[in-house]
Amino acid sequence: MRLLILSDIHSNLEALEACLAVAPPHDAVANLGDVVGYGASPNEVVERVRGLGKIFVRGNHDRVCSGIGETNDFNPVAGMAALWTRKKLTPENCAWVAGLPKGPILNAEWPDTQFVHGSPLDEDGYIMTEPMAEIAMDASPCSNTFFGHTHMQGMLVVTNCRVVMSRSEMKDRTRMEQEIIQLPRGTKCLVNPGSIGQPRDGDPRAGFAIYDSSENEFTFYRVPYDVAKAQQRILRAGLPERLAFRLSEGR
Ligand code: ZN
């Protein structure tokens, strides 16, 4: 069975559509949160991902944008975008975002796997380093943990009793690229599919992943999209300019 894994779409419709257009056939979709916030197409993105189903986890921006969290922990730009999104979302879409479940999420069809936004220990925690990953793995009952929140595509794997981080080697930003990693079954790993709508690893291409459970194989993708169009929408909406510029930097 193949699972399409999406995370941190952040209301970026152009990036989402580009990824869905090239995603290989799959049996289900997992969405690791931050569907909205930052970008200018919250309703369009919510409606698109609602239609895809199936596994969902809420992100910190989902909470604040739907009004069940406050902007206190956000920087001023993120806070402004969240309040803009809150006004923009239709009541129905806002209620759907507010109802997204808190991770970790387990699903019987994907055994030995859990889905979180930040960390299995704290939905708002950032897993940025190997020691942080080790703590998260020790607390995790599953071999596979899919997480987002950092907007950094990559994988942390236990190798020879040590947690080792691997980041993408994909470098040709003019085209779509993919990278396949196969692990022995039962290997403990933390996998970040990357951010669709606001990558922060210096590569502006949208990121997602496919998990093939029969092979225990993880494939990372980077997909060019119409960044200029997403930027124009942000500027026209009156959202902070920084949110448009950062898309072309991938930061
Ligand atoms: Zn995010």
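Which residues coordinate the zinc ion, and through which atoms?

Analyst: This is a predicted model, in which local features need pLDDT of at least 70 and side-chain atom pairs count only at pLDDT 80 or more, while totals for chains, interfaces and linings use all residues. Residues are numbered from 1 along each chain as its sequence is written, and side-chain values use heavy atoms, with hydrogens and water left out.

The zinc ion is coordinated by Asp8 (OD), Asp34 (OD), His10 (NE2) and His151 (NE2), at 2.1 to 2.3 Å. Donors here are N, O and S atoms within 2.8 Å of the metal (3.2 Å for Na, K and Ca); water is not among the atoms, so sites may look incomplete. Angles among the 4 donor atoms run from 84 to 176 degrees, and the site is irregular. Irregular is what remains when four donors are neither tetrahedral (all angles between 85 and 135 degrees) nor square planar, and six are not octahedral (for both, opposite donors over 155 degrees apart and all others between 65 and 115).

Along the sequence, the donor residues follow the spacing D-x1-H-x23-D-x116-H. The two aspartates link distant parts of the chain, 26 residues apart: aspartate 8 is in the loop between β1 (2-6) and α1 (13-22), and aspartate 34 is in the loop between β2 (28-31) and α2 (42-52). Helices (H or I, at least four residues) and strands (E, at least two) are DSSP runs, numbered from the N terminus. Aspartate 8 and aspartate 34 are both buried, that is, under 20% relative accessible area, against over 50% for exposed and in between for partly exposed (1.4 Å probe, protein chains only).

A cavity is a set of points, on a 1 Å grid over the protein atoms alone, where a 1.4 Å probe fits but cannot get out; lining residues have an atom within 4 Å of a point. A volume is the space filled by probe spheres set on the points, which are joined across faces, edges and corners.

The largest cavity has a volume of about 80 Å³. It is lined by 16 residues, of which Asn12, Gly39, Ala40, Ile234 and Leu247 are the closest to its centre. Helices α1, α7 (227-236) and α8 (241-249) each supply at least two lining residues, and α7 gives the largest share, 3 residues. The second largest cavity has a volume of about 40 Å³, and its lining includes Gln153, Arg167, Glu179 and Phe220.

Notes:
On a 1 Å grid over the protein atoms alone, a cavity is a set of points where a 1.4 Å probe fits but cannot get out, and a pocket is an open set with protein on both sides within 12 Å along at least five of seven lines; lining residues have an atom within 4 Å of a point.
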